[in-house]
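Please look over the sequence and the model shown below before reading on.

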Amino acid sequence: MADGSKFERAPKSGEIDAVVVGAGFGGLYMLHKLRELGLSVQGFEAGDGVGGTWYWNRYPGARCDVPSLFYSYTWDDALQKEWRWTEKYAAQPEILAYANHVADRHDIRPLIAFETRVLSATFDEAADRWVVVTDRGDELSARWLILATGCLSTPRAPAIPGVETFAGETYHTGAWPHEGVDFTGKTVAVIGTGSSGIQSIPQIAAQAKHVTVFQRTPNFSVPANNTPLTDKDIADFWKMYPDYIAMVKGPGMGFGGNPANALAATPEERRARFEEFWGVGGAGFLAAWGGIITDIEVNDEAANFVRGKIAETVKDPETARRLQPRDHPIGTKRICVDIDYFETYNRPNVTLVNLRESPIEAIEPNAVRTSEATYPVDALVFATGFDAMTGAILAIDIKGAGGAEIKQAWAEGPKAYLGLAIAGFPNMFIITGPGSPSVLSNMINSIEQHVEWIIGCIEHMREHGFTRIAADPEMQEKWVAHVRRVADKTLFPRAASWYMGANIPGKPRVFMPYIGVGYRKKCADVAAAGYEGFALAKEPSDVHAG
Ligand code: NAP
């Protein structure tokens with residue numbers, strides 16, 4: 001049992017219908033829907049509260065990059081109407097409060113065993129059940145296993161020589177202390193300039209004595225232009241809500257647009273539209289012109305515009321040059337959304353170190369040493385990201401049919417039919433898994449779609465007395481090939497991004513999310529066709545192709 005646990009309890013055992021791993025937005029809705037169906041369910045969550053990403057990522061400046069009004073569940077109309085977001089882009093405490101509110105409102109908390117990590121899950125072919133074992137001694141047998149483990153939930157810090165000798169405090173943005181951190185009077189090193197670094201650096205710089213930012217790759221970032229939400233904003237949202245719902249329940253959007261429009265426009269027209277979208281702020285900048293993600297000429301125009309904005313904002317030309325991204329097309333790494341990020345480099349207490357010119361050689365007890373200089377520091381902040389999309393799943397010892405190990409099944413990269421199910425791992429579903437739109441979509445919408453699809457599937461199985469559903473390996477291969485083909489038509493594979501697994505040494509380089517159009521329709525068609533591409537069975541020996 002975890003030391004100092006808030007949750008004393010006896011280990012759980014016996015047979016239930018479903019186990020859900022994770023109590024973020026995916027796990028919460030899944031548990032709610034399974035219980036609504038009359039199933040016996042058990043949720044397991046490593047943290048001591050709900051909220052997933054928003055439970056762990058409490059670093060200063062943590063904020064959603066999807067507008068709050070759209071970062072809400074759509075399945076509870078009354079909740080939608082009652083909950084009042086205060087800002088265009090909600091900060092982490094408000095989103096965590098929302099997750100807690102939903103858990104209380106729907107009494108989901110009693111379904112979850114907190115401070116509990118799932119260690120292993122083994123498929124028992126004789127019973128068509130998963131045997132799930134946790135670090136609290138639980139051993140449950142469940143018909144269905146649902147991994148709501150999140151796409152960015154396994155923080156990773158690089159193995160820099162000497163890091164273990166560092167005498168000061170060390171933090172990771174993705175596992176931030178719940179009591180907060182006071183950097184007043186401290187000299188702080190921040191390593192990493194992805195979304196988490198870009199959000200936290202201005203806040204840390206406003207408090208600390210000095211911040212040295214160690215940047216390996218500069219990133220494109222668009223100002224959030226965050227504002228309080230007014231009554232008018234909310235009234236406008238409700239006016240367009242039916243269209244929004246029609247869109248999120250529709251066939252599914254992909255990336256694209258017509259590059260010709262941008263290229264046919266005059267430089268003045270192009271710039272005016274970039275300015276307009278820059279003024280609105282946020283990730284929507286990438287929709288300023290069609291083709292930004294698919295056509296390098298259009299992309300270059302957008303990238304040049306942002307590089308120009310960086311040069312206008314950052315007073316020191318050398319620092320501005322270092323902050324201008326040049327090694328990847330804009331948007332092919334997750335575009336960042338910031339508040340005063342580039343402005344922060346005009347502060348006298350902020351130094352930027354370009355690790356491409358002077359790499360870190362070692363961390364010493366009180367300093368970070370690069371090939372050019374030694375920087376004394378009191379505290380180290382790793383904003384170095386996550387083992388994305390696969391890390392949390394591979395951290396569980398999952399053995400499917402015939403004892404097949406998930407680590408083996410995914411040795412060449414993650415493979416999942418529709419990003420929902422893995423061949424060889426029957427009765428197991430992933431919420432927003434690799435091969436589905438997930439991290440390239442509004443996560444809340446994608447979570448709802450997956451939960452509802454899984455519920456439909458379980459209902460179908462119960463109605464027809466099926467005890468097993470297994471993705472067909474050939475259909476899975478076809479889907480994985482399709483996911484790759486679609487990605488190859490875009491500029492995404494040109495970046496060494498976490499979408500590609502490129503941030504983890506040795507991780508296979510495969511573009512993980514699905515960016516094609518019509519994903520929702522495809523999932524609905526599969527279900528309507530009796531779960532095409534799956535084999536359904538009533539007993540282990542009785543198999544019906546779906
Ligand atoms: P990230 O995007 O993977 O960025 C990690 C940063 O650490 C990169 O700048 C990376 O440099 C650097 N890094 C990694 N290893 C390093 C090393 N050995 N030495 C020096 N630098 C190193 O991680 P993140 O910023 O946590 O963001 C991950 C994702 O979470 C985002 O893309 C986004 O999807 C999500 N997120 C969203 C929000 C939001 O909603 N606003 C906020 C935070 C995070 P390289 O680029 O050179 O690898």
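In which loop does Lys 315 lie? Lys 315 belongs to the loop between helix H9 (296–313) and helix H10 (317–323), where helices (H or I, at least four residues) and strands (E, at least two) are DSSP runs numbered from the N terminus. The model is a predicted one, in which local features need pLDDT of at least 70 and side-chain atom pairs count only at pLDDT 80 or more, while totals for chains, interfaces and linings use all residues. Residues are numbered from 1 along each chain as its sequence is written, and side-chain values use heavy atoms, with hydrogens and water left out.

Lys 315 has a relative accessibility of 70% and counts as exposed, on a scale where buried means under 20% relative accessible area, exposed over 50%, and partly exposed in between (1.4 Å probe, protein chains only). The C-alpha atom of Lys 315 is separated by 22 Å from that of Ala 302, the two residues being 13 apart along the chain.

Asp 107 itself is found in the loop between helix H4 (92–105) and strand S3 (112–113), and with 46% relative accessibility Asp 107 counts as partly exposed. Its backbone deserves a look. Most residues other than glycine have a negative phi. Phi of Asp 107, however, is near 50 degrees, a positive value in a residue other than glycine. Tyr 531, which is not a glycine either, has a positive phi of about 70 degrees; Tyr 531 is placed in the loop between H16 and S20 and counts as buried at 4% relative accessibility. The loop between helix H15 (473–488) and helix H16 (519–528) holds Asn 503, a residue that counts as buried at 17% relative accessibility. The side chain of Asn 503 reaches the backbone oxygen of Phe 386 at 2.8 Å.

The aromatic rings come next. Rings of Phe, Tyr and Trp (its six-membered ring) pair if their centres lie within 6.5 Å, and planes under 30 degrees apart count as stacked, over 60 as edge-to-face and the rest as tilted. By this rule the count comes to 44 aromatic pairs. One of them joins Phe 123 and Trp 130 in a tilted arrangement, with 5.2 Å centre to centre and 55 degrees between the planes, and both Phe 123 and Trp 130 are buried. Tyr 417 and Phe 534 form another tilted pair, at 5.0 Å centre to centre and 55 degrees between the planes. Because Tyr 417 lies in the loop between helix H13 (406–409) and strand S18 (428–430) and Phe 534 in strand S20 (residues 534–537), this pair ties together parts that are 117 residues apart in sequence. Tyr 417 is buried with a relative accessible area of 1%, and Phe 534 counts as buried at 3% relative accessibility. Elsewhere, one aromatic cluster is formed by Phe 25, Tyr 29, Trp 54, Tyr 71, Tyr 73, Trp 75, Trp 83, Trp 85 and Tyr 98.

Charged side chains also meet rings, a charge being over a ring if NZ of Lys or CZ of Arg is within 6 Å of the ring centre and within 35 degrees of the ring normal. Arg 58 lies over the face of Tyr 55, at 4.9 Å from the ring centre, and the charged end of Arg 273 sits over the ring of Trp 289, 5.3 Å from its centre.

Note on methods
A polar contact is a pair of N or O atoms within 3.5 Å; within protein, one must be able to donate a hydrogen and the other to accept it, and residues adjacent in sequence count only if both atoms are side-chain atoms.
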